[in-house]
Amino acid sequence: MVQSVGNYNLDELQQHILICHGSSCKKNRAEEITAAIRDEVKTQKTSSILVTRTECLKRCSDACNAVIYPAGVWYKEMTPGAGRKLVKKLGKGKLMKKHISYHVGKYKEATP
Ligand code: FES
């Protein structure tokens, strides 16, 4: 069951999706993407994925950007459909390959 942010159970947390809401990403559908991702998390009835809006992630030319941790994967040019696919993949313990712009090396080998 998805809980309110103030009562989020960290024991169940497995993935944290950060979505940029800086000006360039907002112009490139950040609100729609966030809504799609949150809707997909709700559809999956999972508490293992936390979704957070961020300030500019300093990759404005790739807008809209999203990052997932602990995998350390950066996604560029996200769309609402890609956001839904990302959540579905994470729910299966996999990464979405499309839209990857960078993968933090330290975690590359450990990613599903
Ligand atoms: S506005 Fe999103 S990376 Fe700068």
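Predicted model: local features only at pLDDT ≥ 70, side-chain atom pairs only at ≥ 80, totals over all residues.
Local features need pLDDT of at least 70, side-chain atom pairs count only at pLDDT 80 or more, and totals for chains, interfaces and linings use all residues. Residues are numbered from 1 along each chain as its sequence is written.

Strands pair if DSSP finds at least two bridges between them; strand 1 and strand 3 are antiparallel over 4 bridges. Ile 19 has Ala 66 of strand 3 as its bridge partner.

The largest nonpolar core holds 25 residues, of which Ile 19 and Ile 37 touch the most other members. Such a core is a set of buried Ala, Val, Leu, Ile, Met, Phe, Trp, Tyr and Cys residues joined through C-beta atoms within 7 Å; buried means that 20 or more other C-beta atoms lie within 10 Å of a residue's own, C-beta atoms being placed from the backbone. Helix 2 gives the largest share of this core, 5 residues.

Residues are in contact if their C-beta atoms, placed from the backbone, lie within 7 Å. Leaving aside residues up to four places away in sequence, Ile 37 touches Ile 17, Ile 19, Val 51, Gly 83, Leu 86 and Val 87. Ile 37 of helix 2 and Gly 83, Leu 86 and Val 87 of helix 3 are among the residues that make the contact between these helices.

Technical notes:
Buried ≥ 20, exposed ≤ 12 C-beta atoms within 10 Å, placed from the backbone. Helix = DSSP H or I, 4+ residues; strand = E, 2+ residues; numbered from the N terminus. Contact = placed C-beta atoms within 7 Å.
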